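Biologist: Let's read this model together, one feature at a time. Where do we begin?

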Amino acid sequence: AMDDVRPKAVLAEFIGTTLFATFGALEPSGALGNGVLLAVLIYLTAAVSGGHLNPAVTLGFLVTGNQTVPEGIAYIVVQFAGGIVGALLSAGLTNTSLWLATGPGCFHPTGSTTFVQVFCWEFMMTFLLVAVVFMLAVNPKAGHFVSAAPAVIGLALFAGADCGAKYTMGSVNPARTLGPAVVFGCTWQNLGVFVYLAGEFLGGVCGALTVYWAFIRENLPGYQSVA
């Protein structure tokens, strides 16, 4: 069912995620710069692909039936590829050696932060991000809020990551976690990379399902209440 996959949408996700990973790793203001950057890149891509730029967002669309499976998988593949290409570009732009276990955009728990806390932080930050995406970009009753959606989604990233940065460095995006991990060899210590990915993917799924089932589904055409 490759006719379910829009090639230009997939290309837009690759370009957008590559730019997100490249500039995002180098933003001097951390969470604020990444929030602004995400908003800009959603405005860049939304009309073509919906501007997911994050495998956790796309997985939320998949589990709620808001995207075809072939296209959702294609999005996630190119988002991870964009994360890797972006990490390579950030290395080239900063003369950073590869595979030294550190580099721009690398994530690791800070101080005494435990893996349980990493999981919970990444889960909550990604829940917030994806809940906002669904309320504004999927909800048919979003109305005049829709045009503000990219900016508010960027603010949701900033609001969450600004809090979590002190503990997990605030990834909130599996492609942003895995790209530097592959290119620089960071985040693998004690398999921590999988704690980040699990928190992000599960947070995205729960944010999507919660908002979709609690608030959106009843507004869709053809909805039949069983109550």
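**Reading the helices, loops and cores**

Modeller: Met169 sits in the loop between α6 and α7. Helices here are DSSP runs (H or I, at least four residues; strands are E, at least two), numbered from the N terminus. This is a predicted model, where local features need pLDDT of at least 70, side-chain atom pairs count only at pLDDT 80 or more, and totals for chains, interfaces and linings use all residues. Residues are numbered from 1 along each chain as its sequence is written, and side-chain values use heavy atoms, with hydrogens and water left out.

Biologist: What is the phi of Met169?

Modeller: Phi of Met169 is near 75 degrees, a positive value in a residue other than glycine.

Biologist: Is Met169 buried, partly exposed or exposed?

Modeller: Start with the cut-offs: buried means under 20% relative accessible area, exposed over 50%, and partly exposed in between (1.4 Å probe, protein chains only). Met169 has 31% relative accessibility, so Met169 counts as partly exposed.

Biologist: Which loop holds Asn95?

Modeller: Asn95 is in the loop between α4 and α5. Its phi is near 55 degrees, again a positive value in a residue other than glycine. Asn95 is exposed, because its relative accessible area is 75%.

Biologist: Now helix pairs. How do I read a packing angle?

Modeller: Axes are lines fitted to C-alpha atoms, for helices over the stretch in contact, and angles run from 0 to 180 degrees between N-to-C directions. Angles under 35 degrees count as roughly parallel, over 145 as roughly antiparallel, 65 to 115 as roughly perpendicular and the rest as oblique. Take α5 (residues 115–138) and α6 (residues 149–168): they pack at about 175 degrees, with axes 9 Å apart. So α5 and α6 are roughly antiparallel to each other.

Biologist: Which residues of α5 and α6 meet?

Modeller: Contact means heavy atoms within 4.5 Å. From α5, the residues include Trp121, Met125, Leu129 and Val133; from α6, they include Ile153, Leu157, Gly160 and Tyr167. By class, this contact has 16 nonpolar, 3 polar and 1 charged residues. For the classes, Ala, Val, Leu, Ile, Met, Phe, Trp, Tyr, Cys and Pro count as nonpolar, Asp, Glu, Lys and Arg as charged, and the others, Gly among them, as polar.

Biologist: At what angle do α3 and α4 cross?

Modeller: Roughly 175 degrees, and their axes come within 9 Å. α3 and α4 are therefore roughly antiparallel to each other. Pro55, Thr58, Leu59 and Leu62 of α3 make the contact with residues of α4 that include Ile73, Tyr75 and Phe80. The contact divides into 8 nonpolar, 3 polar and no charged residues.

Biologist: Where does α6 bend?

Modeller: The bend at a residue is the angle between axes fitted to the seven residues ending there and the seven starting there. α6 bends by about 40 degrees at Asp162. The buried residues of α6 pack against α1, α2, α5 and α8. Among them are Ile153, Ala156, Leu157 and Gly164.

Biologist: How many residues of α7 are buried?

Modeller: 10 of its 11, so α7 (residues 174–184) is mostly covered. Arg176 is one of the buried residues. The buried residues of α7 pack against α1, α2, α3, α4 (69–94) and α8.

Biologist: And the cores?

Modeller: In soluble globular proteins, nonpolar side chains tend to be buried together. A nonpolar core is a set of buried Ala, Val, Leu, Ile, Met, Phe, Trp, Tyr and Cys residues joined through side-chain atoms within 4.5 Å. The largest has 28 residues, of which Leu38, Leu129, Phe134, Ile153 and Leu157 touch the most other members. α2, α3 (55–63), α5, α6 and α8 each supply at least two residues of this core. α5 gives the most, with 9 residues. A second, separate core of 10 residues includes Ile76, Phe80, Leu178 and Phe201.

Biologist: What does Leu129 touch beyond its neighbours within four places in sequence?

Modeller: Leu38, Asn54, Val57, Ile153, Ala156, Leu157 and Val172. Asn54 is in the loop between α2 and α3. Asn54 counts as buried, because its relative accessibility is 3%. Leaving aside neighbours within four places in sequence, Asn54 is in contact with Gln79, Leu129, Val172, Asn173 and Pro174.
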